[in-house]
Amino acid sequence: MPLSASGTSAQSSFFIRSEEKDPYQYQVGFGNRFASEAIPGTLPVGQNSPQKCKYDLYAEGMTGASFVAPRAENYSAWLYRIRPSVAHQGFVRLPDNPDLESCFLPLNPKVHVSPTQLAWHPFELPPDGEKVDFVQGLKTIAGNGDPTLHEGLAVHMYLANTSMERKAFCNTDGDLLILPQQGRLDIQTEFGKLMVRSGELCVIQRGMKFKVLLPDGPSRGYIQEIYGEHYTLPELGPLGGYGLANPRDFESPLASFDIDQSPWTIIYKVCGQLHECSQEHTPFDVVAWHGNYVPYKYALEKFINVGSISKDHIDPSIFCVLTAKSKQPGVPLADFLIFSPRWDVASGTFRPPYYHRNSATEFMGLLYGVYGGRSDGFQPGGASYETGFCPHGVSYEEFKKASEGELVPRRISEGTIAFMFESSMMFTITDFAMKRSGKLHMHEPKMWDNLKGQFLNHIDEVNADLKAAGLAPLGAELKQ
Ligand SMILES: [Fe+2]
């Protein structure tokens, strides 16, 4: 039976339904250099690698950036543990999970290109009687690049019904941004424990071992995996010091360790391949740690929305919670945006998203609630996709309502959190998403047929204006 011990710090409590109470404690801040001890006085003083660590623990260093990265992007941690990670019995290659993809280059015959909008009904949980844990239940939907290029990303779903027991996962390909949609995730990491519910995000960086328990049973959620970069907070520019996601609302775990010398399995994902190693001890034996390369979570209900208080529709970058840089200066690899309860007050303005064709790729999901203005049955646990320059916007009915309705201040997205993974990269779509999931549905192109050319009803008026301006009228053949 494992023994456990954990430290103490600030209590997390916010907007949490009683059945979703978080049993763990956290330390707060984004990008801080934290220090945490499950047994006080364990961390070495004034150095990282003493000749002998307290209690004969092993010191293990871990970097999440190059040694010489600038200080603001220099991520590392020191872990003081009962046995070091190197104490294992070697690796064995596992069979491929056919639904897990990491190479999104179009030369891969297992990925597809879509110039048009795609949407998916909620992805199905595993059937009763089939035990599927978080790692086995990873299903890739779309992505860009390849982890070996150190640039690109993957969008996965997890569809699971079984807790991981003496088994941990270590993804060496990229950072995972995890968004539960159904069921909490009780995540044990080398740095401590996090309870993550629907409405919270959790980030677990490259190379960290973790296991996932499902306290609420069958669980579904979304994952964005980014290759080669780490998530940061967006710059605030003219907003000043506060707003959007405030750094103090991010929570990192406290040191927590088990004493467990029984057989464990660690599943590694390396360049998209799965490899397994066995060891005779738990990987969750870190008594104390310090550093800034640590997992964290954030309650999306804490997001401070900003928007237009005069007129016009502000670009959706105002909804950015976390961003990751690409190698091109000023161009994000991935922005994580949310659409949550807020006021809609702009005067003299077409308030819904205007018709657009952006360079960005947009992948949307719904954590909970109802996302208005869509005609495609967008449900929690489902998704939608638009590639770069794919034109989209609201239906004619929504257009007419928004063009002619009275513009009163109103609440929107009440009780809802929808999100978007927005990327400057072109995505390809997996076989699972296009075929095996059975959940793909395409927009019916006919839904746009009633977006008639209303301009043509105004030819007489236009010609009168042209004449008044001393210009030639439009050709009579333009009249309907
Ligand atoms: Fe869009």
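Predicted model: local features only at pLDDT ≥ 70, side-chain atom pairs only at ≥ 80, totals over all residues.
**Entry 1: charged pairs**

I started with a network: salt bridges link Asp22, Arg197, Glu200, Lys297 and Glu301. For a salt bridge I asked for a side-chain nitrogen of Lys or Arg within 4 Å of a carboxyl oxygen of Asp or Glu. Residues are numbered from 1 along each chain as its sequence is written, and side-chain values use heavy atoms, with hydrogens and water left out.

How many salt bridges does the structure hold? I got 25. Side chains of opposite charge can pair when their charged atoms come close.

My cut-offs for relative accessible area were under 20% for buried, over 50% for exposed and in between for partly exposed (1.4 Å probe, protein chains only).

- Lys269 bridges to Glu225, with the closest N and O atoms 2.8 Å apart. Lys269 sits in strand S20 (residues 264-270) and Glu225 in strand S17 (residues 219-227), so this pair ties together parts 44 residues apart in sequence. Lys269 is buried at 3% relative accessibility, and Glu225 is buried at 0%.
- Asp96 bridges to Arg93, and here the closest N and O atoms are 3.1 Å apart. Asp96 is partly exposed at 49%, and Arg93 is partly exposed at 43%.
- Glu101 bridges to Lys110, with 3.6 Å between the closest N and O atoms. Glu101 is buried, with a relative accessible area of 10%, whereas Lys110 is partly exposed at 41%.

**Entry 2: aromatic rings**

Next I searched the whole structure for aromatic pairs and found 26. Rings of Phe, Tyr and Trp (its six-membered ring) pair if their centres lie within 6.5 Å; planes under 30 degrees apart are stacked, over 60 edge-to-face, and the rest tilted.

How do the rings of Phe30 and Tyr296 sit, with their planes at 65°? Their centres are 5.2 Å apart, and at that angle the pair is edge-to-face. Phe30 is in the loop between strand S2 (26-28) and strand S3 (34-37), and Tyr296 is in strand S23 (residues 296-299), so the pair ties together parts 266 residues apart in sequence. Both Phe30 and Tyr296 are buried.

I then checked Phe336 and Phe421: ring centres 6.0 Å apart and planes at 45° make this pair tilted. Phe336 lies in strand S25 (residues 332-339) and Phe421 in strand S30 (residues 417-423), which puts them 85 residues apart and links distant parts of the chain. Phe336 has 0% relative accessibility and counts as buried; Phe421, also at 0%, is buried too.

Phe336 and Phe421 also belong to a cluster joined by ring pairs, along with Trp120, Phe123, Tyr222, Phe363, Phe419 and Phe432.

**Entry 3: helix H3**

Which residues of H3 (residues 459-468) are buried? I noted Ile459, Val462, Asn463 and Leu466. Looking down the axis of H3, I see these buried residues fall within an arc of 95°, so they line one face of the helix. That arc is taken from the directions running from the helix axis to the C-beta atoms. An α-helix has 3.6 residues a turn, so residues three or four places apart point the same way.

Asp460 and Ala468 are exposed, on the face of H3 turned away from its buried side. After H3 comes Gly470, with a positive phi near 80°.

His150 is in the loop between strand S9 (138-146) and strand S10 (151-160), and is partly exposed at 37% relative accessible area.

Phe389 went on the list as well, with a positive phi near 65° in a residue other than glycine. Phe389 is in the loop between strand S28 (383-386) and helix H1 (396-404), and is exposed at 53% relative accessible area.

Note on methods
Helix = DSSP H or I, 4+ residues; strand = E, 2+ residues; numbered from the N terminus.
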